[in-house]
Amino acid sequence: MGIVSSSCSSDDNDPPVVDSTPTPDPTPDPTPDPVVVNFGLSTVGGAFPNQTTYIQGLTDLDFTTIGNDMATELAANGGAGTVSYNKALYTSPFGAPATLVKYVFDDEGNAVEEERIVVPGANVFSTLYFESETVAYGSVAGGISKLIVFDPSTMRITDEVSLSSVTSRFPEATRTYYLDMMERDGKLFMGVHYENNFVPVNDSAYVAVIDLDSRAVEKVISDERTGMVFGGPSSNSGMVKADNGDIYVHGLGTTMSGGSSPSGLLRIANAQTSFDPDYFLDLNTATGNVCYGINLMPNGRAFTSRVEDESDFFEFLTGEPQFKYVELDLENRTSIGEVADLPITYASRSMIIRPNSGDELLFSTATNDENAVYSFDAATGSVSKKFVSTGGFINGLELLN
């Protein structure tokens, strides 16, 4: 018997085997560098009461027009302003419960929510003060009024300061506001305003002095030369600290509410915890009318916002803006005059002053025609328009780096 076997062998006529594995690119595109965000901008679009806040990060301000195309829309409606700390933006839309939202910027420069704090029983966070990367203070109002202590890195409430000794001072007050805070020498100075059915309880100004070691109210100081410590037309613009440690406190005054105290500036001198009896700047007399807020720049120049027609202070009656930027001389207790070439603007839509590079200061404006930021050269006094917002009025301009 014969056994036949067969086997396969290569054939020179077979087609060649093609390797389909892609050849690596010898010069692959590098991973793009993260976007550097140096500024945070918030704008408010829409008509009251249906308004929405938009926030966005910017590398620079080298543009003439900006909209909301690259902005993040906040989840809650309302004209929420922004405060910056350690390269993050913090914002608190109005409406119960009081909510503080922390936004950071991703590698593409987009604003993303990182964490939030909610305080049931209150309507809004009125003022924030950052002591360090892990300790900050926030006052809440509308319903429950209290001062909370929180960790900005985790956005967790760690403690609270009882304000019962503050609220009990005037039992007849139907509302108590806590606007602006400033730390110095282990004390937190917090503006307090008492109101009875939308009218100040008296003609005096009040500031609570809080010991940060014991986290307790030490005392409430008062001064009858001005009244109504009520913040300013932008975040943290009602109380400032000079390089020498002196704290200046703005009082709106009570003349618009039937009282007699003028708009003015008080001083809490360095190393002191009471108002300086030898210092007072009567803003009505110095500028010609009621003023709202105080801003102090790193170069020592100070500015306020003066109302043109006090009967329309809240800018509802005439449908026209009512405020002008005015420069002050704090040391000599006088007005230097209006900042030239800036339009009359809506304080109800925020009036923001920020230092930029060199001698440049930035002023936000809002009129019926446009919303803009102007550049002011502190060395020459010249003013020029820097950019226009097409996405709404500007209620936040923060330098993040």
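I'm working from a predicted model here. The two strands pair antiparallel over two bridges, with N196 standing opposite V199 of β15. β15 itself covers residues 199-200.

Next I went to the other hairpin, the one β14 makes with β13. It also has two residues between the strands, and D185 takes a positive phi near 55°. β13 is residues 175-184, and eight bridges join it to β14, antiparallel. I looked up K187 in β14 and found R184 opposite it.

Then I checked K187 for a partner in β16, and that turned out to be D211. β16 spans residues 205-211 and runs antiparallel to β14, with six bridges joining them.

Is β14 mostly buried or exposed? I checked its residues, 187-196: nine of the ten are buried, so the strand is largely enclosed by the rest of the structure.

Last entry, cavities. I got one of 30 Å³ or more. Which residues line it? I listed H193, Y194, P200, V201, N202, S204, Y206 and M228. Sorted by class, that lining comes to five nonpolar and three polar residues, with no charged ones. Going back over the strand ranges, I noted that β14 runs over residues 187-196, and the lining list has H193 and Y194 among its members.

Technical notes:
Residues numbered from 1 in each chain as written. Predicted model: local features only at pLDDT ≥ 70, side-chain atom pairs only at ≥ 80, totals over all residues. Heavy atoms only, no water. 1 Å grid on protein atoms, 1.4 Å probe; cavity = no way out; pocket = protein on both sides within 12 Å on 5 of 7 lines; lining within 4 Å. Points joined across faces, edges and corners; volume = space filled by probe spheres on them. Nonpolar A, V, L, I, M, F, W, Y, C, P; charged D, E, K, R; others polar. Buried < 20%, exposed > 50% of the residue type's maximum accessible area, 1.4 Å probe, protein only. Helix = DSSP H or I, 4+ residues; strand = E, 2+ residues; numbered from the N terminus. Pairing = 2+ DSSP bridges.
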